[in-house]
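Open the structure in your viewer and keep the selection tool ready. The tour goes one selection at a time.

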Amino acid sequence: MTTLATPRLILRPVVEADVDAIFAGCSNPRVTEHTIFETHTSRADSESFYRDYALKNYEQNLPDPFAIALKSEPGHLIGCCGGKWTETRCNRSVEFGYWIAEPHWNRGYATEAVRALVPFLFEHFAPQRVQAHVNAVNRASARVLEKAGLSYEGTFRQAAFRRGRFWDVMMYSILASELPAPGPA
């Protein structure tokens, strides 16, 4: 799988040595409060994420997940991001998601990672659109998508049932025609 670089981050494949950092981030209910995956309650949950999700996706050449790491500590995962085809590939839509461990919130890392991920998803999959959905109460994540250049399309009322309640879900997207041209190398 490819490695991507930004001014402050490295986006690289998740490796087995990342399991402890995944557990540290995903065992925090504040991190998983708005995610579609459940809070990890044991290291085995994080091992399963690596073994049953990451490795299986890599075997299928899917860039999901990327480990997000600081350039100054490329071996230390601070979050994950990645994307893949929506349920119906014929629609030519790729959906992505991300999470950042709480000690690294409010530093712009999620926006920086998304700004690197989105062009890569267009290059890797050649979709018509790249999209992400957000629990409507998660304004911080919505702001990440807005700063990364995605457009708000609307809110699907009570569109997801998670953790015993319905969520309103905001949809964001960017079309292939809207992607900024790459800058000079």
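Keep in mind that the model is predicted.

**The helix**

Select residues 109–125, which make up helix α4. Step just past the helix to Ala 126, where phi is positive, at about 55 degrees.

The structure contains six aromatic pairs. For one of them, select Phe 66 and Phe 120: the ring centres are 5.5 Å apart and the planes meet at 85 degrees, so this pair is edge-to-face. Phe 66 belongs to strand β3 (residues 66–70) and Phe 120 to helix α4, so the pair links parts of the chain 54 residues apart. Are these two residues buried or exposed? Both Phe 66 and Phe 120 are buried.

**The pair with strand β4**

Next, select Trp 85 and Phe 125. Their rings also form an edge-to-face aromatic pair, with 5.3 Å from centre to centre and 70 degrees between the planes. Trp 85 sits in strand β4 (residues 77–85) and Phe 125 in helix α4, so the pair ties together parts 40 residues apart in sequence. Colour by accessibility to finish. Trp 85 has a relative accessibility of 17% and therefore counts as buried. Phe 125, at 11%, counts as buried too.

Note on methods. Residues numbered from 1 in each chain as written. Predicted model: local features only at pLDDT ≥ 70, side-chain atom pairs only at ≥ 80, totals over all residues. Heavy atoms only, no water. Helix = DSSP H or I, 4+ residues; strand = E, 2+ residues; numbered from the N terminus. Expected span 1.5 Å × (residues − 1). Phe/Tyr/Trp six-rings, centres within 6.5 Å; stacked < 30°, edge-to-face > 60°. Buried < 20%, exposed > 50% of the residue type's maximum accessible area, 1.4 Å probe, protein only.
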